[in-house]
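Q: I would like to go through this model with you. Could we begin with the terms and then turn to the strands?

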Amino acid sequence: MQDSNFRAAQAFLLGAKNFWTTSMYQELRSQYERRVDSRNASSIEPRDAVAEIEQDVTYRFFAWLERHLQRMKYSSRYGIVPYHAAQRDRLMQEAGFALNDEYTPTVDDKFPLPKYYKSMDVHQHEGGLWSDMSAGFAYEYGARTTTPLISDSHEDLHNRFTALVAGDRDFKQILDLGCGFGKSTRPFVNLFPGARVEAVDLSAPCLYVASHFARQGQTPNVHYSQQDARETRFDDESFDLVTSTMLLHELPVKSILSLFEESFRLLQPGGRMAHLDFHILPDEFDRLMHYGHARRNNEIFMPGIVELDLPKTLTEIGFRDISIERFKENEDMDLETHDAWRFPWTTISASKPS
Ligand SMILES: C[S@@+](CC[C@H](N)C(=O)[O-])C[C@H]1O[C@@H](n2cnc3c(N)ncnc32)[C@H](O)[C@@H]1O
């Protein structure tokens with residue numbers, strides 16, 4: 001596949017996604033607000049408004065585009081997956097997959113991947129993050145435009161979350177669960193150069209890409225390993241911070257509970273757990289968008305973390321000082337203005353008592 005064809009096709013898809021993210025979203029949102037506006041004599045209940053919108057042709061077109069722009073982005077003739085698979089050997093060589101040095105990730109080709117993980121192509125990433133060694137490169141490329149309004153450097157959201165979690169604490173032993181290609185790990189590595197940072201994921205292809213970035217950035221204080229976040233190999237009380245970004249919604253509810261219990265086991269007394277994920281959906285329209293996205297993007301477990309009684313669950317495990325807050329992915333954004341489609345990020349944090 002010619003590079004120029006790939007780039008032109010991807011630019012076209014991104015243009016369409018921008019239209020979807022702004023104009024189409026705004027149109028649906030204003031339809032909703034008109035229907036539920038109490039100053040309007042024919043105003044109706046939020047649930048009924050959403051039910052009406054679901055029958056509307058604009059919503060159906062919006063839903064179709066959401067599904068198929070993503071499909072085309074990943075697996076069409078000029079998709080990210082075939083593009084990177086065709087260059088697999090060169091990419092692996094350039095990224096030092098064969099090197100054996102302090103940055104090399106710990107992986108095991110016989111690692112037992114959970115059934116839920118292999119049962120569908122999350123994000124419509126054909127073959128998932130595990131079946132092909134080019135998958136980490138494809139995911140890194142794709143993630144640059146997941147939220148078209150965020151810059152493609154991956155930095156804003158992750159740096160903001162890291163700064164929020166850090167507060168004024170100086171963490172010394174940090175664990176990032178479900179680190180992917182290290183996008184969520186790097187801000188912690190950079191903010192805490194004196195800390196030991198461990199980062200785990202199920203995807204060997206992603207861990208190699210993450211390690212390549214660590215080698216490029218000369219940050220030997222991070223180590224990447226293939227482990228299941230629900231049951232790691234680390235000793236009890238190994239960390240003063242356990243974190244994850246965009247992981248919980250990919251797990252079935254039972255697995256989320258196991259992950260919280262595992263985090264509690266791994267934390268030292270007084271340690272903090274902090275996740276960036278989904279939970280708060282301010283209104284029925286947000287719920288329509290979020291649950292629709294879950295279906296259309298093959299993220300079927302997404303409702304789990306939204307519907308969990310988090311204060312009760314975390315308290316029963318033993319956590320205290322629980323905080324669940326809406327999160328702004330960039331400084332300029334206003335959480336009350338519905339100017340564009342965005343993920344409804346929520347921070348979920350708690351401490352292990354001292
Ligand atoms: C949406 S990605 C987020 C990656 C990264 N944290 C970021 O912010 O870019 C979710 C990651 O969780 C990983 N994952 C899913 N289930 C996991 C599990 N049980 N243990 C470890 N990693 C898991 C996936 O392989 C994927 O890399």
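A: A term first: two strands count as paired if DSSP finds at least two bridges between them. Please keep in mind that this is a predicted model.

Q: Fine. Which residue stands opposite R272 in β7?
A: That residue is S351. The two strands concerned, β5 and β7, are joined by 7 bridges and run antiparallel.

Q: And what is the strand order in the sheet as a whole?
A: The sheet is open and has 7 strands, in the order β3-β2-β1-β4-β5-β7-β6, with mixed pairing. β3 (222-226) and β6 (320-326) are the edge strands; each has a single partner strand, so one side of each has no neighbour in the sheet. From one strand to the next, the twist averages 15°.

Q: What holds paired strands together in general?
A: Strands of a sheet pair through backbone hydrogen bonds, in either a parallel or an antiparallel arrangement.

Q: Back to β4, then. Which way does β4 run relative to β1, parallel or antiparallel?
A: β1 (residues 173-177) and β4 (residues 239-245) run parallel and are joined by 4 bridges. D176 has T243 in β4 as its bridge partner, and L177 is opposite S244 in β4.

Q: What about β5 as a neighbour of β4?
A: β5 (residues 267-278) is also parallel to β4, with 6 bridges between them. L241 stands opposite R272 there. Between these strands comes a helix: β4, helix α11 (residues 253-266) and β5 form a β-α-β unit that is right-handed.

Q: How many residues of β4 are buried?
A: In β4, 7 of the 7 residues are buried, so the strand is mostly covered, given that a residue counts as buried when 20 or more other C-beta atoms lie within 10 Å of its own. For β7, 5 of its 7 residues are buried.

Q: Now the β6 end. What lies across β6 and β7?
A: Helix α14 (residues 310-317) lies across β6 and β7 (345-351), at about 155° to β6. β6 and β7 themselves run antiparallel, with 5 bridges joining them. I324 has I348 in β7 as its bridge partner.

Q: Changing topic: which residues come nearest to the ligand?
A: There are 20 residues around the ligand, and those that come nearest are G178, G180, S184, A229 and T245.

Q: How does that shell divide into nonpolar, polar and charged residues?
A: The shell has 10 nonpolar residues, 5 polar and 5 charged.

Technical notes:
Residues are numbered from 1 along each chain as its sequence is written. This is a predicted model: local features need pLDDT of at least 70, side-chain atom pairs count only at pLDDT 80 or more; totals for chains, interfaces and linings use all residues. A residue is near a molecule or strand if its C-beta atom, placed from the backbone, lies within 6 Å of it. Ala, Val, Leu, Ile, Met, Phe, Trp, Tyr, Cys and Pro count as nonpolar, Asp, Glu, Lys and Arg as charged, and the others, Gly among them, as polar. Axes are lines fitted to C-alpha atoms, for helices over the stretch in contact, and angles run from 0 to 180 degrees between N-to-C directions. Two residues are in contact if their C-beta atoms, placed from the backbone, lie within 7 Å. A residue is buried if 20 or more other C-beta atoms lie within 10 Å of its own, exposed if 12 or fewer, and partly exposed in between; C-beta atoms are placed from the backbone. A crossover is right-handed if, with the strands pointing away from the viewer, the path from the first strand over the helix to the second runs clockwise.
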